[in-house]
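Student: Hi! I'm new to this one, could you walk me through it?
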Amino acid sequence: MPDAFIATLPKAELHVHLEGTLEPELLFALAARNEVALPWPDVDQARAAYTFTGLEHFLPLLFRSASVLRAGQDFYDLAHAYLTRAAADGVRRAEMFLGVQTFLDAGVPIACQLDTVLAAIADARADLGIDGALIVTSQRHRSQAAALEVLDLIQPWRERIIGIGLGAAERGNPPVKFAGYFAAARARGYRTTIHAGEDGPADYVREALDVCEPDRIDHGVAAIDDPELVARLRDEEIPLTVCPLSNVALRVVPSMAAHPLRAMVEAGLLVTVNSDDPPYFGGYVNDNYEAVHTHLGLDRATLADLARNSFRASFDDPARVAAHL
Ligand code: ADE
Ligand code: ZN
């Protein structure tokens, strides 16, 4: 039974990869539509394959599944499905990542990706009252030059893209590799966010702050190992977009009961709760709130604080943020 308090709690979702919201049913529909072969015979077996040993096991499967997205309509359908689901979860503001390089590699033009996602955002605002925003991400296993090319490519959409991010394989690809990318993104007027301290160490979170100067850190759970860094994150009020079910599914933590979210909250960090790649990790944003309620004993007042944090940490206009607090 979904918890009614959580279900109706107004919230923002700040860490969700659109390509990671592809439900197996839509995956198979798009594979058929675009004549792309999949490694599973049916939806049930695809779902059964969603068991991971870690981030580097998960990412190739994510990229493979995402390769079924080929036409503009596919991107529209994907974004529409996620926004519909999010609105049902009480999400009022959704800042969604799109990792455009995966699709550029497959020959999908940038306009085909961005125009359709932006159209789905506009339609969902009109039809569902949900406020969507787009953050374009680059992949850190590629070069900084490739990430800078993304900035050039998306420049015609500058005013309609709220932020720039960085995801994919963290270990071995430290933040310093992308210092120039973040500086260039800031110079172009984007808000910025970086995955750090997911399966990488606390040092990557510190380095991200020092050399990338992001507005937010995605995940950041490794920071809890480093009291000095925790104090800095608290004092500088750096938001952390934490994804509890993702962290369990990718074995960043051994179990939900062992997740550091409670410790992060108690340390005074500006923590938010998010879904990352919901069908792959067993749930949407409310499932994440429910998991931390059940397994970490976070009470309703704390869940409401987390939801308020999500608006405070958003890239929305301050006046609209204030209306949610
Ligand atoms: N891309 C999609 N999900 C991701 C995650 N959990 N970490 C890094 N990159 C991602
Ligand atoms: Zn992520």
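Here is a chat about a few spots in this model.

Tutor: Happy to! This is a predicted model, where local features need pLDDT of at least 70, side-chain atom pairs count only at pLDDT 80 or more, and totals for chains, interfaces and linings use all residues. Residues are numbered from 1 along each chain as its sequence is written, while chains are lettered from A and ligands numbered from 1 in the order in which they are written.

Student: Is H15 buried or exposed?

Tutor: H15 is buried, because 29 other C-beta atoms lie within 10 Å. The cut-offs: buried means 20 or more other C-beta atoms within 10 Å of a residue's own, exposed means 12 or fewer, and partly exposed is in between, with C-beta atoms placed from the backbone. H15 belongs to strand β1, residues 11-17. Helices (H or I, at least four residues) and strands (E, at least two) are DSSP runs, numbered from the N terminus.

Student: And where is D276?

Tutor: D276 is in the loop between β8 (270-273) and α14 (278-281). D276 counts as buried too, with 31 C-beta neighbours inside 10 Å.

Student: What does D276 touch?

Tutor: Leaving out residues up to four places away in sequence, its contacts include H15, H17 and C243. Contact means that two C-beta atoms, placed from the backbone, lie within 7 Å.

Student: New topic: which residues of helix α9 are buried?

Tutor: In α9 (residues 179-187) they are Y181, F182 and A185. Seen down the helix axis, they fall within an arc of 95°, so they line one face of α9; the arc is that of the directions from the axis to the C-beta atoms.

Student: Why would residues a few places apart point the same way?

Tutor: An α-helix has 3.6 residues a turn, so residues three or four places apart point the same way.

Student: What covers the buried residues of α9?

Tutor: The cover includes β3 (131-139), α8 (144-154), β4 (163-167), β5 (191-196) and α10 (202-212).

Student: And what follows α9?

Tutor: G189 does, and its phi is positive, near 95°.
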